[in-house]
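Trainee: Please take one part of this model and walk me through it closely. I would like its surroundings, its partners and its place in the whole fold.

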Amino acid sequence: MNQPKIKIGSHVSMSGKDMFLNSAKEAASYGSDVFMAYTGAPQNSKRKPLEELKIEEGRAYMRAHGLSEVIIHAPYLINLANTVKEDTFRSSVEFLTSEISRSEALHSKVLVLHPGAHVGAGEEAGIAQVVEGLNQVLRPDLKLTVALETMAGKGSELGRNFEQLARIIGGVRYPEKLKVCFDTCHVHDSGYDLIHHPEEVFGAFERIVGRDMIAVFHMNDSKNICGAAKDRHENYGFGQIGFEALQRIMYHPDYLDIPKILESPWVKDGHNEKKSYAPYKQEICSIRENRFDPEMVEKLRAGNGE
């Protein structure tokens, strides 16, 4: 059975002397159409100068290997919702401004951003602070959109429901510069039933946020039951959401043209715990062939990465 054409890829690294070129090579090795990367380590603010990123070389490699888009993910340390520590909020605004510039230099159309955590100040204060922060960084001449990620609901993080995202988008000065990154694991973990009632979930998203507001999907399975609010990814089809439910979203006719990014955990070598293998080549093949391989993880653990 021929599957409809989709844009699928995974998270890849941007490191070493080849940086962005290395990202494109890794994505191509998995058979990707698109890919997502951080411009540096997601846990810190250390960044190489743009001239060291091998941008033009990476773009040329993308063109030569059919990679149509790169999505950039903002680092985790950005927290625009923090009203408790002024320094954290101020540094988050400055760093996000820098990441937007770097993303534009990489010719990315989408920068994924976690909305942030209110760290005890409450939802109202947190949302207002996110809006304030975004108003400081969004401008009408941006060449990309910032995609607020749907979150699982752990701790005090915002974006745990569609209403919170809609309030942020509706509150900013330039709402046309915002969209949403729809993470299936996070949406499932936050309590939306993607297994039994996916059309109701997408109907609610369309009604509350807007049908055309999804810029990218993070297609992740979950280790948790629906509503667990824990955010623990599982390999595609091996978790609580399952292969069939994820495939229904992957090939949803309303979202075929939206990039789909895998963020599956790497599989540890069964014979050497210091080694692990990216599952993306196998997952992408399985998705395109619409064929679930229940032994995929075990094959990777066998130690050959095939």
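Mentor: Start at H107, which follows helix α3 and has a positive phi, near 65 degrees. Keep in mind that this is a predicted model.

Now step back into the helix itself. α3 covers residues 86–105. Its 20 residues reach 29 Å from first C-alpha to last, close to the 28 Å expected at 1.5 Å a residue. The helix lies across β3, β4 and β5, and runs at about 150 degrees to β4. Its buried residues are F89, S92, V93, F95, L96, E99, I100, R102, S103 and E104. The cover over them includes β3, β4, α4 (123–137) and β5 (145–149).

β3, α3 and β4 form a right-handed β-α-β unit. The strands β3 and β4 (residues 110–113) pair in the parallel sense, over 3 bridges. In that pairing, I71 stands opposite V110 of β4.

Turn to β3, residues 69–73. All 5 of its 5 residues are buried, so the strand is largely enclosed by the rest of the structure. Both faces are covered. E69, I71 and H73 are buried on one side, V70 and I72 on the other.

Strand β2 (residues 34–37) runs parallel to β3, joined by 4 bridges. V34 stands opposite E69. M36 has I71 as its bridge partner in β3.

Next, the whole sheet. 8 strands close into a barrel, in the order β1-β2-β3-β4-β5-β6-β7-β10, with parallel pairing. Neighbouring strands of this sheet are turned by 30 degrees against each other on average, direction ignored.

Last, the packing. The largest nonpolar core holds 75 residues. The members that touch the most others are F35, L96, L113, L134, F162, F182 and F217. L96 is also among the buried residues of α3. A second, separate core has 10 residues, including V110, A215, V216 and I261. V110 is the β4 residue opposite I71. Leaving aside neighbours within four places in sequence, F217 is in contact with F182, F202, I249, Y255, I258, P259, K260 and I261.

Key: Residues numbered from 1 in each chain as written. Predicted model: local features only at pLDDT ≥ 70, side-chain atom pairs only at ≥ 80, totals over all residues. Heavy atoms only, no water. Buried < 20%, exposed > 50% of the residue type's maximum accessible area, 1.4 Å probe, protein only. Helix = DSSP H or I, 4+ residues; strand = E, 2+ residues; numbered from the N terminus. Pairing = 2+ DSSP bridges. Right-handed = clockwise from strand over helix to strand, strands pointing away. Expected span 1.5 Å × (residues − 1). Contact = heavy atoms within 4.5 Å. Core = buried A, V, L, I, M, F, W, Y, C linked by side-chain atoms within 4.5 Å. Axes fitted to C-alpha atoms, helices over the stretch in contact; angles between N-to-C directions.
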